[in-house]
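Hello,

Here is the model I promised to pass on. Please open it alongside this note; my findings follow below.

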Amino acid sequence: MKKIEAIIKPFKLDDVRESLAEIGISGMTVMEVKGFGRQKGHTELYRGAEYMVDFLPKVKLEIVVQDEMLEQALEAIVETARTNKIGDGKIFVTDVERVIRIRTGEENEDAV
């Protein structure tokens with residue numbers, strides 16, 4: 001099993017969720033996060049004063065998929081979240097050694 005962590009622009013969340021649902025992935029964890037990469041933040045105007053916003057709002061999705069679903073899930077995220085502009089985000093893929101569903105005690109693929 002693999003864990004996909006995708007950091008995307010907030011306005012793309014619903015599109016990505018729908019795209020993943022179309023391929024059979026319905027469970028995910030979503031967090032509002034802040035950060036920056038090459039964007040390096042931006043300046044904003046507030047009450048006539050300009051100030052630097054270092055951390056930009058993003059959304060982080062966490063999804064655990066079976067190995068055979070990985071490429072399909074990655075393609076769905078990339079194609080849906082891409083705007084071709086700086087700040088589209090990143091995807092991290094890591095191995096998952098074990099999963100346990102707390103309610104039933106089911107493990108691994110049965111728990112996903």
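Four strands make up an open sheet, in the order E2-E5-E1-E6, with antiparallel pairing. Keep in mind that this is a predicted model. The edges are strand E2 (29–35) and strand E6 (89–95). Each has a single partner strand, so one side of each lacks a neighbour in the sheet. On average, neighbouring strands are turned by 20° against each other, direction ignored.

Now the E1/E5 pair. Strand E1 (residues 2–8) and strand E5 (residues 56–65) run antiparallel and are joined by seven bridges. Glu-5 has its bridge partner in E5: Glu-62.

Two helices go with the sheet. Helix H1 (residues 13–22) packs on it and touches E1, E2 and E5. The direction of H1 makes about 10° with that of E5. Helix H2 (residues 70–81) lies across E1, E5 and E6. H2 runs at about 0° to E1.

Which residues of H1 are buried? They are Val-16, Ser-19 and Leu-20. These residues cover an arc of only 95° around the axis, which puts them on the same side of H1. Among the elements covering the buried residues of H1 are E1, E5 and H2.

Gly-24 follows H1, and its phi is positive, near 100°.

Best wishes

How values were computed:
Residues numbered from 1 in each chain as written. Predicted model: local features only at pLDDT ≥ 70, side-chain atom pairs only at ≥ 80, totals over all residues. Heavy atoms only, no water. Pairing = 2+ DSSP bridges. Axes fitted to C-alpha atoms, helices over the stretch in contact; angles between N-to-C directions. Contact = heavy atoms within 4.5 Å. Buried < 20%, exposed > 50% of the residue type's maximum accessible area, 1.4 Å probe, protein only. Arc of directions from axis to C-beta.
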